[in-house]
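Dear colleague,

Please find below the structure that I am handing over to you.

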Amino acid sequence: MRLVASDIDGTILSREGRISERTIRALQGCEAAGIAVVFVTGRPARWLTPLSEQLQHTGTVICSNGALVYDLSTMSVVSSQGISRHTMLEVRDIVRGLFPKTSFAAETAEEFVMETGFAEPRHRHLLGEVRHGRLEDLVTGDEVVKFMAKIEGMSAEDYFRAVAPHIGHLVSVTHSALDLTMLEMAPLGVNKAVTLAEYAHALGVPAEDVVAFGDMPNDVEMLTWAGEGYAMSSGHPRALAATELHAPGIEDDGVAQVLERKLAGLRKAG
């Protein structure tokens, strides 16, 4: 174990927005033992405060499902890969042709923009805080690192299965939201595993020395790439089916349990 790669939401961060003290100790114990720790998330760089405030993490974070790498120590973008504006609009037209009631939003390295209809009724009061309107007017370049499509009235898995075959040649498609049916799209060929592999290679760490944790479909590629990929027992069925290694659920500090056991094994071997 030379590199620990962990998803955030549903893996170490509870729905209440907390990272347990036990998990904090385990992750910090890895770093104290000289083991690198990187977080790999669907979150944008703007939403990393749980790591900085609760973990005091100051290292690298792979954001937006692999499309953006962010340095918390300097609060700056290390690298990013964007969906071209032309591709984004083509994807929008295909998805809307399949499901006319779909609404869309986009993340860039700097901001979140959305069609006005993307805001749920209970969140309409927040419209004044973000740019909203027509995608053609909101996105003028190739800067979108994450493109989102949302619909009501069906499950995320059904939406994914219905849409992905029609746009999979244009973008990478996944989903991870618990409370809404939303697809998350990255540039074609980009996912958590691809960017994590590049990061590990830069550190000189082979895949077999990487221990990864995740709980949702957007973690599947990462879990299958890592030498040891642990799906959280509290996670999505597709994540659980992707690997034979299952960590206890987040409610039982599953990441901490696995890391404590592995750290104890390293100390014994040493």
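A pocket, as the word is used here, is an open set of grid points with protein on both sides within 12 Å along at least five of seven lines, and its lining residues have an atom within 4 Å of a point. Please note that the model is a predicted one.

The largest pocket holds about 1,400 Å³ of space. Its lining is made up of 47 residues, and those nearest the centre are Trp47, Ala177, Leu178, Leu180 and Met182. By type, the lining comprises 18 nonpolar, 17 charged and 12 polar residues. Strand 7 (112-114), strand 9 (144-151) and strand 11 (181-187) each contribute at least two lining residues. Strand 9 provides the largest share, with four.

In soluble globular proteins, nonpolar side chains tend to be buried together. The largest nonpolar core in this model contains 36 residues, and Val4, Ile12, Phe39, Leu51 and Leu259 have the most contacts inside it. At least two of its residues come from each of helix 1 (21-32), strand 2 (36-40), strand 3 (60-63), strand 4 (68-71), strand 12 (210-214), strand 13 (228-232) and helix 9 (254-269). Helix 9 gives the most, namely five residues.

Which residues does Val4 contact, if its neighbours within four places in sequence are set aside? They are Leu27, Cys30, Ile35, Ala36, Val37, Val38, Val211, Phe213 and Leu259. There is also a second, separate core of 26 residues, which includes Val113, Tyr159, Leu170 and Val173.

Finally, there are the aromatic rings. A pair of aromatic rings is described by the distance of the centres and the angle of the planes. Four aromatic pairs were found in the whole structure. One of them, Phe99 with Tyr159, is edge-to-face, with 5.5 Å between the centres and 75 degrees between the planes. This pair links distant parts of the chain, 60 residues apart: Phe99 lies in the loop between helix 3 (85-98) and strand 6 (103-108), and Tyr159 lies in helix 5 (residues 156-167). Tyr159 has a relative accessible area of 0%, so Tyr159 is buried.

Why does the pair of Phe213 and Tyr230 count as stacked? The pair is stacked because the planes of the rings stand at 20 degrees, with the centres 5.4 Å apart, and planes under 30 degrees apart count as stacked. Phe213 belongs to strand 12 and Tyr230 to strand 13, 17 residues apart. Phe213 is buried at 0% relative accessible area, and Tyr230 is buried at 7%.

With kind regards

Key: Residues numbered from 1 in each chain as written. Predicted model: local features only at pLDDT ≥ 70, side-chain atom pairs only at ≥ 80, totals over all residues. Heavy atoms only, no water. Core = buried A, V, L, I, M, F, W, Y, C linked by side-chain atoms within 4.5 Å. Buried < 20%, exposed > 50% of the residue type's maximum accessible area, 1.4 Å probe, protein only. Contact = heavy atoms within 4.5 Å. 1 Å grid on protein atoms, 1.4 Å probe; cavity = no way out; pocket = protein on both sides within 12 Å on 5 of 7 lines; lining within 4 Å. Points joined across faces, edges and corners; volume = space filled by probe spheres on them. Nonpolar A, V, L, I, M, F, W, Y, C, P; charged D, E, K, R; others polar. Phe/Tyr/Trp six-rings, centres within 6.5 Å; stacked < 30°, edge-to-face > 60°.
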